[in-house]
Amino acid sequence: MSNNMSNEPDNLDKLWQQQQTTTIDVKALSRQWKLTRIKQYMYSLMDAMALMLFPLVIYFFPKELSTFEFVWLSGLFALMTGWFVFIVWLRRFSLGFDDGGTSTQDFVYRMKMQYRQNIRIAHYNKLLCWVVPVVFLTYIVVAYLGEYVSPDVLWRKSKLLFVTSLVFLPATWIWAHKREQKFKRLLADFDARWVA
Amino acid sequence: MEFDSIITEHGPLLSRVASSYEANPHLQQELLQEISLAVWQAMRAFKGNSSVKTYILRVAHNKAVTHVAYHAKQPNNESYCEIDNPSSAIGISAESVIDQQSNVSDLLQAVRRLPMQARQIVTMSMEGLSYQEIAEVCGVSSVNVGVILNRAKRTLMEQLNYEQ
């Protein structure tokens, strides 16, 4: 670097302005923006569908449900609603983000909070993978002992619940575990990088 | 204010923010897209409480912080970081252009070595923001901005002198 440049801090500003810049493709940006919005709508729709599954089953198949199953599904719907409210509460830091009105110091604080909440959400999802088989087993045992469902139908449903538990729950547990580890690592790295 | 005109006026500024956080050109391009999207989204909420430039810089730096957080384990591949001919260099001799490229490259590398907050403050200062404006963006006092800025500029000068 030339001496006249290195001796004058103000020349740093001029040098900074001389760096080559990349042109922003507004059309590509517009496409990406539309795609992002579609994705956000899809995620919201999936969340809503997961929650609405129980009332939809109750509404469309009332004749195929015994009183016990109606009560069981209604109870699960109430629990799931509570679960979703809890998850939204945990995500309150990320949902309320306002990039423009937030100073970087507040933003960094919120990022750390978001990581911690994501770790908690992943951890609770792992716990849920152990709770769901217990819920399934309780249903089968109570339905069998109380004779609320015919043995043939109960056997068919038991097989379905067993396959669900065997395939989807381990996959969900592994996914949640990886997310938990990922956010723990990201939080540690972020803490180390951000020297306030 | 139309987004196209904002991009036309402040696009180079956003590009420089991206380059101060990311050396790898592919990730730099990705970051610039993320920043531009964030600015697009945030402009709807702009109430005119600060200048457009200050507001955009706040959005851009917060988005860059998120990028750094999510790409913490990505390799910071300096070997891909090459500065092409700056547009202002047209008409200048080849030797001057090479010298300028080298200086800009050294400055960028030195800036990326600074701690995050110091990096943010020094780049906003080089973009012409006042102490008060920088303080508002960063959420620290103007006095702190002055202290951190002086320290950061001294570090930059030392590193650039050392590297010559």
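Predicted model: local features only at pLDDT ≥ 70, side-chain atom pairs only at ≥ 80, totals over all residues.
Let's start with chain A as a whole. Chain A has seven helices and zero strands, so reading from the N terminus the order of elements is simply α-α-α-α-α-α-α. Chain A has 196 residues, and 11% of them count as buried. As for how the chain folds back on itself, take the contacts in chain A with a separation of 6 or more: 72% of those are between residues 24 or more positions apart.

An unreviewed UniProt entry puts the feature "transmembrane region" at four stretches of chain A: residues 41–61, 67–90, 127–146 and 158–176. How do these look in the model? Residues 41–61 of chain A are 95% helix and 0% strand, with 28 Å between the end C-alpha atoms. For residues 127–146 of chain A the figures are 95% helix and 0% strand, and there the end C-alpha atoms sit 29 Å apart.

Next, a helix pair. Two packed helices are described by the angle between their axes and the distance between the axes. In chain A, helix 4 (residues 67–90) and helix 6 (residues 104–145) have axes that come within 12 Å and cross at roughly 175°. Because angles over 145 degrees count as roughly antiparallel, helix 4 of chain A is roughly antiparallel to helix 6 of chain A. Which residues meet here? From helix 4 of chain A come F68(A), W72(A), I87(A) and L90(A), and from helix 6 of chain A come Q117(A), R120(A), I121(A), Y139(A), V142(A) and A143(A). By type, the residues of this contact are eight nonpolar, one polar and one charged.

Most residues other than glycine have a negative phi. E147(A) isn't a glycine, yet its phi is positive, at about 55°. Is E147(A) buried or exposed? E147(A) has 11 other C-beta atoms within 10 Å, and 12 or fewer means exposed, so E147(A) is exposed.

Finally, over to chain B and its helix 4 (residues 94–113). At 1.5 Å a residue, its 20 residues should span 28 Å, and the end C-alpha atoms are 29 Å apart, which agrees. The buried residues of helix 4 of chain B are Q100(B), N103(B), V104(B), D106(B), L107(B), L108(B), A110(B) and V111(B).

Technical notes: Residues numbered from 1 in each chain as written. Chains lettered and ligands numbered in written order. Helix = DSSP H or I, 4+ residues; strand = E, 2+ residues; numbered from the N terminus. Buried ≥ 20, exposed ≤ 12 C-beta atoms within 10 Å, placed from the backbone. Contact = placed C-beta atoms within 7 Å. UniProt positions renumbered as here; feature names shortened; annotations may be inferred. Expected span 1.5 Å × (residues − 1). Axes fitted to C-alpha atoms, helices over the stretch in contact; angles between N-to-C directions. Parallel < 35°, antiparallel > 145°, perpendicular 65-115°, else oblique. Nonpolar A, V, L, I, M, F, W, Y, C, P; charged D, E, K, R; others polar.
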